[in-house]
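Here is a short briefing on one helix and the nonpolar packing around it. Please look over the sequence and the model before reading on.

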Amino acid sequence: MEEELTIPHTCEECQHSVQDGDHYCYNCGAHLNEQVVTVNIFNNFSLRQVFLFYFIYLFICLLVKHTRWFDSYDRLFWIEIALAAVTLHFAWRNRKSLFPILRFNNFKWQVFLGVIIFAAAASCIVNVTMRQVNVSFFGADVNYFNAYKLYFFPVATMIYSIAVIPAIFEEVAFRGIMYNYCENFLDERLVVAVTAFLFAIMHLSLLSLVWLVPFGFFIGHLRRRYNTLWYGIFFHFAFNLTAVVIDLYKGGQL
């Protein structure tokens with residue numbers, strides 16, 4: 001893995017540490033002197049990795065959205081495998097900084113239960129609201145189970161595809177790999193915002209940005225506060241699993 005030498009900087013006003021590319025101190029707001037190097041894709045390895053990783057991810061998502069080749073889950077399954085493989089490749093390259101946040105750091109049951117309950121409640125609100133919007137404005141009520149009912153164990157396949165795979169690999173991708181790379185040249189509060197917006201845009205749904213952006217901010221906050229991916233993974237899984245249960249209930253499968 002290519003390494004970069006980084007020179008630590010501190011604000012002259014308050015001595016708070018600042019990152020390469022910062023123009024203002026996030027602690028006191030003072031303007032930083034010109035000794036802080038402007039970060040761009042040509043001189044920063046981490047920024048290049050963010051660009052490359054996101055470009056691959058977004059290209060695959062655009063391919064799925066704008067072609068008819070992946071209308072069936074038979075083919076979509078291989079896209080899930082491809083995205084998982086890309087994520088695992090970058091995760092291995094980023095393993096030194098990724099392994100520590102894959103531990104249950106200071107795990108608290110009350111936080112875990114709060115995350116699960118909040119995820120389920122938020123998912124119910126989002127699903128009811130989005131269903132009403134789709135019916136009112138687009139005259140459509142989508143049932144995702146129809147894409148899985150032809151397979152053996154369709155409910156298990158649906159849970160695997162909608163809840164398990166995204167919860168693990170999207171969190172490793174955005175709150176793990178991209179978060180860690182962005183930390184090398186951005187203030188951590190900006191990292192939460194940047195990864196939240198990149199995560200939301202990746203879903204390629206303008207209407208869904210209304211809830212995907214807050215979703216990304218909340219999980220990024222969990223990552224930042226508890227220094228672990230697991231609360232975000234649990235939240236993501238519970239949110240999507242609740243959506244699956246609602247879809248199955250609407251379709252008369254429960």
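Leaving aside its neighbours within four places in sequence, which residues is Tyr57 in contact with? They are Leu83, Thr87, Phe169, Glu170, Ala173, Phe174 and Met202, where contact means heavy atoms within 4.5 Å. This is a predicted model: local features need pLDDT of at least 70, side-chain atom pairs count only at pLDDT 80 or more, and totals for chains, interfaces and linings use all residues. Residues are numbered from 1 along each chain as its sequence is written, and side-chain values use heavy atoms, with hydrogens and water left out.

**Nonpolar cores**
- A nonpolar core is a set of buried Ala, Val, Leu, Ile, Met, Phe, Trp, Tyr and Cys residues joined through side-chain atoms within 4.5 Å; buried means under 20% relative accessible area (1.4 Å probe, protein chains only).
- The largest such core has 51 residues, and Phe53, Tyr57 and Phe174 have the most contacts inside it.
- Two or more residues each come from H1, H2 (73-93), H4 (109-138), H5, H6, H7 and H8.
- H5 gives the most, with 9 residues.
- Another core, of 6 residues, lies apart; Tyr73, Phe145, Tyr148 and Met158 are among them.

**Helix H6**
- Helices are DSSP runs (H or I, at least four residues), numbered from the N terminus.
- H6 covers residues 188-202; at 1.5 Å a residue, its 15 residues should span 21 Å, and its end C-alpha atoms are 21 Å apart, which agrees.
- The expected span is 1.5 Å times one less than the number of residues.
- Buried residues of H6 include Val191, Leu198, Phe199 and Met202.
- The buried residues of H6 pack against H1 (45-65), H5 (154-183), H7 (209-226) and H8 (230-250).

**Ends of H6**
- At the start, a side-chain oxygen of Asp187 reaches to within 3.0 Å of the backbone nitrogen of Arg189.
- Leu204 follows H6, with a positive phi near 55°.

Terms used
Buried < 20%, exposed > 50% of the residue type's maximum accessible area, 1.4 Å probe, protein only. Polar contact = N/O pair within 3.5 Å; in protein donor to acceptor, adjacent residues only side chain to side chain.
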